[in-house]
Amino acid sequence: MELVELEKERYDDFVRNNPYKSHFLQSLAWGELAQEKRHLTPYFLGLVDENNEIQAATLLLKKTLPLKLCYFYAPRGYVLDFHNESILEEFTKKIIAFAKKHKAIYVKIDPDIIWQREKYDGTIIEEEKKEQKIFQHLKKLGYRHLGFTKNFETMQPRYTFRIDLNQSMKEIESHFSKTTKQRINKSLKLKTKVEIGTEKDLKEFYHLMMLTEDRKDFVSYPLDYYETLYRLFNRKDKAILFLGKVNMDEMLKVEEEEKEALEAKKREFPQENLSKSAKNKLKDLDRQLEKITKDITYHQEIKKEYGNDITLSAHMIVEYGNKAWVLYAGNHNILTDTYTNYHTYLEHLTYCKNEGLKIYDQFGTIGDLSKENPRLGLHEFKKKFGGDYIEFMGEFDYVLKPIYYFAFTKLVPIYRNLIKKRKKKELKNEVQRVK
């Protein structure tokens, strides 16, 4: 068998339809996005046998460094059956030889292999011993495991939530938390709606992403990054924009009707000689009336400032092979009490089910569930939709130049933190201008 650079379409067809490790991060579109927007060089490599049949493949992203050095990264790679030890060994040997020719410091992989799964009901499922066998075999081949990290220290999240779309929608929704069901029902009651957007809606999506990034204190990408991703994935696969919206007139009409109904109930009470129970019910009605009156006043002010039709949530879903990933989600700072975000999640989950997909991945959460973790809220939100809590095996580096590897892995993170701080400052300035 030999390692060859595959023709792009042939490579993508193999990855998209691979029964073992198909993943959008190994797709042709992702490789081209990395080239256009991250200045990485993609290599679409395949291990072919004597009949020119592909036995394994990977997208390798090359990051060029000073001194004519580089490193390679196979995001969620490789694309092969990791239980086939002979194929994995042969592929590794060929990949490392390829990397040496390019003067690589190391090759990084973070395979889509589940280490542990916690079901929606809390049941822990240790993956079969064969996965631990893969772990030991990778180490035997020379890969260095980077540890069981708990947050977002790695290139890709080591934890996520996944929903099995082989279930019926009724069964899927039965796993939602009680508050999630209530909030979806309230959002539907307020006449929020979810639409599939087009390329022209990317600016609105970007605006909401900026607001979310400013609020959550993280930095993502400029508008042209999302435009490029949308274009590349929509050539043959799908990047879908879901827009959660509210029509203020419709919502205010619902609230006015609710207020009228409460006032009608109040008029049914006699003016005097009320029992203790009746007095308590009347007090409860007064509290509800006070709240709905405040809500109406507040929403009338929102309408004056923002207009009648407002986009409150914008989520981008990537569909590849038989899976979908909730890749990016932006939400407005206003009208959070409409829970449009919850309704938007329901709609793209339903969409993925109706598309006949098999897995719905919320793409990233944490393993450190301590109360002090600032990302615990993100975790708890995603958990409410009843998916399986997935822990992946983690990152492995195959080190080729140990001295350079030490310098690169210790010094570069310091530089990246400085860049991150600068981008946060730039983002805050841009958000202020938009506001």
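The questions and answers below concern a predicted model.

Biologist: Is Arg-162 buried or exposed?
Modeller: Arg-162 sits in strand 9, which spans residues 159-164. Its relative accessible area is 8%, and buried means under 20%. Arg-162 is therefore buried.

Biologist: Which side chain does the side chain of Arg-162 join in a polar contact of 3.3 Å?
Modeller: Leaving out residues up to four places away in sequence, Arg-162 touches residues including Ile-114, Tyr-360, Asp-361, Asp-388 and Asp-112. The polar contact of 3.3 Å links the side chain of Arg-162 to that of Asp-112.

Biologist: How far apart in space are Cys-70 and Glu-204, C-alpha to C-alpha?
Modeller: Cys-70 lies in strand 4, residues 70-74, and is buried at 0% relative accessibility. Beyond its neighbours within four places in sequence, its contacts include Leu-65, His-102 and Tyr-106. Glu-204 is 134 residues from Cys-70 in sequence. The C-alpha to C-alpha separation of Cys-70 and Glu-204 is 37 Å.

Biologist: Which strands stand at the edges of the open sheet of seven strands?
Modeller: The sheet has mixed pairing and the strand order 1-2-3-4-5-16-8.

Biologist: What is the bridge partner of Glu-5 in strand 2?
Modeller: Strands of a sheet pair through backbone hydrogen bonds, either parallel or antiparallel. Strand 1 and strand 2 (residues 41-48) run antiparallel and are joined by four bridges. In strand 2, Glu-5 has as its bridge partner Leu-45.

Note on methods: Residues numbered from 1 in each chain as written. Predicted model: local features only at pLDDT ≥ 70, side-chain atom pairs only at ≥ 80, totals over all residues. Heavy atoms only, no water. Helix = DSSP H or I, 4+ residues; strand = E, 2+ residues; numbered from the N terminus. Buried < 20%, exposed > 50% of the residue type's maximum accessible area, 1.4 Å probe, protein only. Polar contact = N/O pair within 3.5 Å; in protein donor to acceptor, adjacent residues only side chain to side chain. Contact = heavy atoms within 4.5 Å. Pairing = 2+ DSSP bridges.
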